[in-house]
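Please keep the sequence and the model in view while reading.

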Amino acid sequence: RRSSDLYALRPAPPLGLRWLGAGGPGSSSAVSREQVEALVKQHKVVVFIKGTPAQPMCGFSNAVVQILRMHGVHEYGAHNVLENQDLRQGIKDYSNWPTIPQVYINGEFVGGCDILLQMHQNGDLVEELKKLGVRSALEDVKQGQEEK
C-alpha cells in the first residue's frame, strides 16, 4: 500500500493520478495545480506530511496526526511529501505556505501544525469537524465529564 493513499484500516481506492508515487523521490514529472487541487478535495480532511500517519518522520507531522487521532478522525487523505519532491513543492506553491505539514478541511487550506494546535486548544477544530458531519471524540469526553 502506498503511504499517499487514504489512511484507514480498510483498503483505499486508487488515486488514479499517475504521477503520485510514480518514480519515487526526485520524480521528474511536475505536479500541476489541478492535480494538487484534486488531492486536496478528495477527502473531507487531507494532510500533507513528512512520513505516514503510522510513521511520521518529523515532530510537526506527528503532532498533526496525534491531534486528528485525539479527535477521533481516523479516515483522511494523507500524502507523504518525502516520496515525491514535486508534490512537496507543488503543495507549497498551491497554498502559498512554505512549510510541511499542511492541513486541508473541506478543500480549504487550514494551515500547519501550529494552526491546527491552536484550533485544537481553542475549540475551533471541534466546530470545523461538526461542519463536515464529523463528531469529535473530545465531545464525548467532555460530555462524560459534565455528567459526573
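Q: Leaving aside its neighbours within four places in sequence, which residues is H71 in contact with?
A: The model is a predicted one, and in it H71 lies in the loop between helix 2 and strand 3. Once the neighbours within four places in sequence are left aside, the contacts of H71 are H120, L125, V126, L129, R135, S136, A137 and L138.

Q: Is H71 buried or exposed?
A: A residue counts as buried when its relative accessible area is under 20%. The relative accessible area of H71 is 1%, so H71 is buried.

Q: How does E75 count in terms of relative accessibility?
A: E75, like H71, has its place in the loop between helix 2 and strand 3, and from C-alpha to C-alpha E75 is 8.0 Å from V45, although 30 residues separate the two in sequence. Because its relative accessibility is 43%, E75 counts as partly exposed.

Q: How many residues of strand 3 are buried?
A: Strand 3 spans residues 76-80 and is mostly covered. In a regular strand the side chains alternate between the two faces of the sheet. Here Y76, A78 and N80 point one way while G77 and H79 point the other way, and all are buried. The number of buried residues in strand 3 is therefore 5 of 5.

Q: In which sense do strand 2 and strand 3 pair?
A: Strand 2, helix 2 and strand 3 together make a right-handed β-α-β unit. Within the pairing, N80 in strand 3 is the bridge partner of I49. Strand 2 (residues 45-49) and strand 3 have 4 bridges between them, and the sense of their pairing is parallel.

Q: How is helix 2 oriented relative to helix 4?
A: The axes of helix 2 (residues 59-70) and helix 4 (residues 113-122) come within 9 Å and cross at roughly 30°. Because angles under 35 degrees count as roughly parallel, helix 2 is roughly parallel to helix 4. The crossing is left-handed, and F60, A63, V64, I67 and M70 in helix 2 meet C113, L116, L117 and H120 in helix 4. The orientation asked for is thus roughly parallel.

Q: Which residues make the contact of helix 4 and helix 5?
A: The axes of helix 4 and helix 5 (residues 124-131) come within 5 Å and cross at roughly 95°, and the two helices are therefore roughly perpendicular to each other. Their contact is made by L116, M119, H120 and N122 of helix 4 and D124, L125 and E128 of helix 5.

Terms used: Residues numbered from 1 in each chain as written. Predicted model: local features only at pLDDT ≥ 70, side-chain atom pairs only at ≥ 80, totals over all residues. Heavy atoms only, no water. Buried < 20%, exposed > 50% of the residue type's maximum accessible area, 1.4 Å probe, protein only. Pairing = 2+ DSSP bridges. Right-handed = clockwise from strand over helix to strand, strands pointing away. Axes fitted to C-alpha atoms, helices over the stretch in contact; angles between N-to-C directions. Parallel < 35°, antiparallel > 145°, perpendicular 65-115°, else oblique. Left-handed = near helix turned anticlockwise from the far one by under 90°. Contact = heavy atoms within 4.5 Å.
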